[in-house]
Structure formats: structure tokens, C-alpha cells
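Visitor: Could you take me slowly through one part of this molecule, looking at how its aromatic rings and helices meet their neighbours?

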Amino acid sequence: MEKKDIRVLALDLDGTLTNDQKVVTPATRAALDAAAAKGVTIVLASGRPTAGIMPLAKELGLDKKGGCILSYNGGAIIDCATGETLYRKQLDAKYVPRLCAFAREQGVVIITYNKQGVVTESPEDEWALKECFTCKLPMQKVEDLAAYVDYPVCKMLITLDPARRGEVLEAGRKRFAGEIDLYPSSPFFIEAVPLGVAKDVSLGSLLESRGLTRDNLMACGDGLNDCSMIRFAGVGVAMQNAEPPVKEAADYVTVADNNHDGVAEAIEKFIF
């Protein structure tokens, strides 16, 4: 692969930038600091809500270095230094009750977010609790989620036993075809987002606003929701622990996994 001028580095968080304890190790942190010092804009690109990414962004110093948060799988991009919203796409309010009804029919749990954290009718659900662990956000129980959500949301999240992911995804795609997008972001999560929301679309908008092209982008990920940005980027990197289709989409698969500084390996190889 010829050397590319990487100016923007988009990083999925869970299973990519963070290890299984949801921590960024010192070696990966050092590689990020070196890339930022070289003028590379770091974008934390996740399905998490903005509030679930902000603490990590601050821990990495992105509020001082001018990095960005890409949240809700591409539903929003925030400039960490100014707090300005650079890009946002919201889920039409009419889909909230319809998605709640669909989840109830399927016997699965659905959650969304308010300013404080995660809201759901089923706070004790083991798969829903994984989102709280991932985002380090509190869980709030509401009696009727569809009635509670009277404010704009970027996405809703179906949480379920991985054994049911395929059938529920298929039923949901049939039900909402041509209206909203549904796709898996982990073995136990299905994202429900506005049509056309994906990490590559919002990253394209960010690059364009800075006079850059996809050749200036490196993207690292491990999940199916990372495929779009990995294919789109000038350098697309899959972690060693990535799902097989993600590895197929990538230009490079790291030797190390997310527990052994795979992101640092990619930065060394393609940015330095």
C-alpha cells in the first residue's frame, strides 16, 4: 500500500480502541498523543450516545487537542474543543412508538437515551445492562418508553440474546423497509437509526468541511457497523478480534487484538 497522508483518524471504541475492560492502555494512549501532536484529528466513532463518549474524549485530552466525537453510529458529530455540533440526523418521532411495539411483539428489550443516560422499560435485562457498562451511564426505568420519549433522539437500540439477532434483524428490516435502517453493532445489539445514517456518511461530511478526501482518513474497527467506514477510508483497518466480514472489508488486519494495542500497531504502521 502506498503511503497516504493521514489527517483524520476514526476509531471505533468497544473492541477496538478500548480493551475488554473498556480502558485505553498506556501504549495506545501514547500512540494517540503522538498522532495528535503530528496534527492528526482523532475522531472517536461509536454507536454510543454522545454522553457515553465524552468522558473518554476528555480523558484522552481531545477537548484540548480539537478531536471529535462521532456518536450514535454517525447520527451526530461534535467538536470536542468547542462543543459545536458539526453534523446531526434525528430519528423521526413517529418511529419511536412503532419500534417499541415491534420490540414488544418480538419479546426483546428496546432502549434509548435522555440527557442523563439510558432509558428503558426493562432495566434488569442483562443485555440492556451491557449498554450501561459500555457507556458508563446510569439506567432509568420508565413505565411506557413510547410515551416518555417526547424529545428528539438519534437512535433506539434493541438489546437481545445473540442467538436471536439474525431472526429479529430480518423481521425488523422487513417491517421498516425503506423507512429506517436496522443493523447489528454487536452480537447483542441492533441499532435503529434514520435511513442513511452510518459512520462513513458522517465522516465524509466532516472531511468535506475540512477540505480533505477519504485518502486522508484512516479508520479502525471490529464490528459490522464499522464496515462502512473501513471500506470508505483511504486506509481501512480491522482489529485481529474483528468479525470476519470486517476483516474482508479492510486493507489491513492488525496482528494484535484490542487487548494488545492493535490501534497503536496501526498508527505506527500507517501514520509514522
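Guide: In this predicted model, Lys38 lies over the face of Phe272, 5.4 Å from the ring centre (a charge sits over a ring if NZ of Lys or CZ of Arg is within 6 Å of the ring centre and within 35 degrees of the ring normal). Residues are numbered from 1 along each chain, side-chain values use heavy atoms without hydrogens or water, and local features need pLDDT of at least 70, with side-chain atom pairs counted only at 80 or more, whereas totals for chains, interfaces and linings use all residues.

Helix H1, residues 26–37, packs against helix H11, residues 262–270, at an angle of about 35 degrees, and their axes are 8 Å apart; helices are DSSP runs (H or I) of at least four residues and strands (E) of at least two, numbered from the N terminus, and axes are lines fitted to C-alpha atoms over the stretch in contact, with angles from 0 to 180 degrees between N-to-C directions. H1 brings Ala27, Thr28, Ala31, Leu32 and Ala35 to this contact, while H11 brings Val263, Ala264 and Ile267, where contact means heavy atoms within 4.5 Å. Of these residues, seven are nonpolar, one is polar and none is charged (Ala, Val, Leu, Ile, Met, Phe, Trp, Tyr, Cys and Pro count as nonpolar, Asp, Glu, Lys and Arg as charged, and the others, including Gly, as polar).

Phe270 of H11 is buried, with a relative accessible area of 12%, and Tyr252, in strand S14 (residues 252–253), is buried as well, at 18%, since buried means under 20%, exposed over 50% and partly exposed in between, using a 1.4 Å probe and protein chains only.
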